[in-house]
Every structure is written in structure tokens, then in C-alpha cells.
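Please have the sequence and the model in view, and I will walk through them slowly.

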Amino acid sequence: MEAFRLMKELKANFDQEINYLPKEAGLALIESTQENGRGISSKCRNAKVEDLWSLTSFFGYSTQTFVLAVNLLDRFLAMMKVQPKHLACISIGCLHIAAKVVEQECNISSTHELIRISQSKFTVSDLSRMEKIISEKLNFEFKAITALTFLHLYHAIVRSHTSDRKQVLNQEKLEAQLKACLCRIVFSRAKPSVLALSLLTLEIEALQFVDMLEISQRIQRHLKISDSELQQWRVLVAQCLSEYSSPECSKPDHKKLVWIVSRRTAQNLHSSYYSVPELPTIPEACWDEESESEDWYEDVSSGEESLSSSLGSDAEGPYFPMHYRCQRRKSPSF
């Protein structure tokens, strides 16, 4: 009964996934844009998605929040002509919208905090206006069907049909691999169902779970995904994951993520470095607005510096021991 319900839900999502894909023409324009051109290039987009991964990890947001933020970002960029200097505001706006859709209210970071930690050069009002624009252009369709939707469904279906309980797929590992793929714009062209199935089948083959492979083949037939389409994306996914695991890829410097203090606070820290006074209770009402506006806020038209590209903490250790992108760009720390 559970298996039947899952397959029915799978088919319903499969029929609707096309409604949440970025426009092909818009993605093609981004991919054809030169890095120093007036529009958004692939490298520029990919770097911002990596920044979103870092921020998602920093604020403790779920994988669902990250995947939804990337979906909103790609859909918006594929339909609008955007100047590079506005990309940071757009990407942070997509992350904040995604967090409000997915996370519990008590876990959602404030706009002040998002701007401070990302070291962005726009104001809270800039971000609010940008979120309004994004929402209107996307017709407030936020609960998108993504590759993560299918990855969870595939995982549940395989688990419900597997008799050998020793054969268990690591869902967290699959999610980490999905995040690595989403950092490349080429995978924005893939149907979410096919991208997720590519990840699933590659992992099953690597583990040599014969029973699970048969289940994945039944899923493929149920959704009428052609062998050629699946193989096309399996090759690209395998290449992406291979490059992330290559020893040529450098690990990010996690020391780049540091606390940000105002000049006034820094001066106080210097003068009291060797003393440990009793600190008064800090009110939780708001930030010191005067200090904020003096030190951190500039108009969005002044341009944007890129964030550090250190990936999320789940991109290290058991899933990507050295799975970090090659030819890391040098950028200021945050």
C-alpha cells in the first residue's frame, strides 16, 4: 500500500516538474555570456550558488532550503536581464524567500544578519524590494518540484521494496552530491526527475546493490524516461562528482568564515584585549542602527564584491573527502 502511494505521488510530481524549470533560452543566454560582459555569466552564477551553499551551512538551513533557493535563482535569472552588480542582492533574496517557505519561523535569520554575514553592499530595504520583484516575476510559485523532491521519493521507494536491510542508501550522501551538481549551471537544464535518477543509479552501481538496481529500472520505466536521456545526464553527473573527488581540487579555507565587527567595536577590542571586564546584559531588541549604517551599508548601485567560495560543511569528510571544485577563484574572505 505504501509503495503504491509513493508511485502515485511520484507520477504526480513528474507531471508537474516542467512548470518549475528555468527557461531554456534564458539559460542559453547565461551560458553564452562572457565573464566580463554586461550580463550574468555561467561562472558568475555558479560562484553565487556556491556562496548560497556556504550561507545555508552557516545558518543551519536544510538541503531543501538550498535547493529551492537555487531553483528560484535560476528561474529568475532565466527570465530577466540582470546586471552583475545586482546578483548578490538577488541570490540573497532567493535564499531568504526559500528559508521562509521551508524553515520554521524561529530558525529564519533576519535580513540584517543575512546582509552582515554575507558582507553584501545593499540595505535591508534593497533586499525587501528585490524579494518583492522576485516574488512577482515568479508568480509567487515558491513550492517548486525539484531534484531533491524526486531524490527523497526514489529513496523511499527503494527502501520500501528492499528486503535486505543491510543494503541501505545514504540519503545524506546523495543530497551532498546533488548540491555539488547544482553548483554548475549545466544541471539547471536537466529535468529534476532525471537528475535525481542519475544520482541514484550511479550510487547503486557503485555499491553493487543488484536488487536496488532493478527497482531503479522499474522507476525509470514507470516514468518513461528513455535510456539515452538518462545516460546523457549520468555521464555529466559522474564527471562532476569525479572532478570534485580529484586530488587536483583544492579544499576550501574554512578559516575564511570569520566574525564581522564594526570599527567602533574593533577599537574597543584592541583597547581591552588583555582585560576581561564583567559585561552588562546585551539587549536582544535590535542592532545599533547608527553603527550599522556607517560601517556596512552602501547603495546597491555601487556594485558587489564576491563572497568567499568555501562550500558548505557537508562538502567535506565522508562524501567528498577532497570533493571541491578545481581552479578555485581567489576572492575576499567573509
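This is a predicted model: local features need pLDDT of at least 70, side-chain atom pairs count only at pLDDT 80 or more; totals for chains, interfaces and linings use all residues.

In which helix is isoleucine 97 found? Isoleucine 97 is found in helix α5, where helices (H or I, at least four residues) and strands (E, at least two) are DSSP runs, numbered from the N terminus. Residues are numbered from 1 along each chain as its sequence is written, and side-chain values use heavy atoms, with hydrogens and water left out.

Let me stay with isoleucine 97, which counts as buried at 4% relative accessibility, because buried means under 20% relative accessible area, exposed over 50%, and partly exposed in between (1.4 Å probe, protein chains only). Leaving aside neighbours within four places in sequence, isoleucine 97 is in contact (heavy atoms within 4.5 Å) with Leu72, Glu131, Ile134, Ser135 and Phe142. The C-alpha atoms of isoleucine 97 and lysine 132 are separated by 9.8 Å, and these two residues are 35 residues apart along the chain.

Now to the chain as a whole. The protein chain has 14 helices and zero strands, and buried residues make up 48% of its 334 residues. If we take the contacts between residues at least 6 apart in sequence, 83% of them join residues at least 24 apart.

Which residues have the most contacts inside the largest nonpolar core? They are Leu10, Tyr154 and Leu178, in a core of 84 residues, and helix α5 (residues 87–102) gives the most to this core, with ten residues. Leucine 178, when residues up to four places away in sequence are not counted, touches Val67, Ala147, Leu148, Leu151, Leu195 and Leu199.

Several of those names bring us to helix α8 (residues 147–161), whose 15 residues, at 1.5 Å a residue, should span 21 Å, and whose end C-alpha atoms are 21 Å apart, which agrees; the expected span here is 1.5 Å times one less than the number of residues. The buried residues in α8 include Ala147, Leu148, Leu151 and Tyr154, and what covers the buried residues of this helix includes α1 (2–16), α4, α9 (171–182), α10 and α11 (210–223).

Threonine 56, in helix α3 (residues 42–59), is also buried, with a relative accessible area of 3%. Apart from neighbours within four places in sequence, threonine 56 is in contact with Tyr61, Ser62, Phe66 and Leu95.

Isoleucine 40, by comparison, lies in the loop between α2 (24–32) and α3, and at 6% relative accessibility it counts as buried. Isoleucine 40 and leucine 87 are 47 residues apart in sequence and 8.0 Å apart in space, C-alpha to C-alpha, and leucine 87 is among the contacts of isoleucine 40, which also include Ile30, Arg45 and Pro84.

Most residues other than glycine have a negative phi. Glutamine 119, in the loop between α6 (111–118) and α7 (124–137), has a positive phi near 55°, and with a relative accessible area of 33% it is partly exposed. Phenylalanine 140, in the loop between α7 and α8, has a positive phi of about 60° although it is not a glycine, and at 56% relative accessibility it counts as exposed.

How much space lies in the largest cavity? The answer is about 190 Å³, and of the 16 residues that line this cavity, the closest to its centre are Asn71, Leu182, Phe187, Ser188 and Pro192. On a 1 Å grid over the protein atoms alone, a cavity is a set of points where a 1.4 Å probe fits but cannot get out, and lining residues have an atom within 4 Å of a point; the volume is the space filled by probe spheres set on the points, which are joined across faces, edges and corners. Helix α4 gives the most to the lining, with four residues.

Technical notes: A nonpolar core is a set of buried Ala, Val, Leu, Ile, Met, Phe, Trp, Tyr and Cys residues joined through side-chain atoms within 4.5 Å. On a 1 Å grid over the protein atoms alone, a cavity is a set of points where a 1.4 Å probe fits but cannot get out, and a pocket is an open set with protein on both sides within 12 Å along at least five of seven lines; lining residues have an atom within 4 Å of a point.
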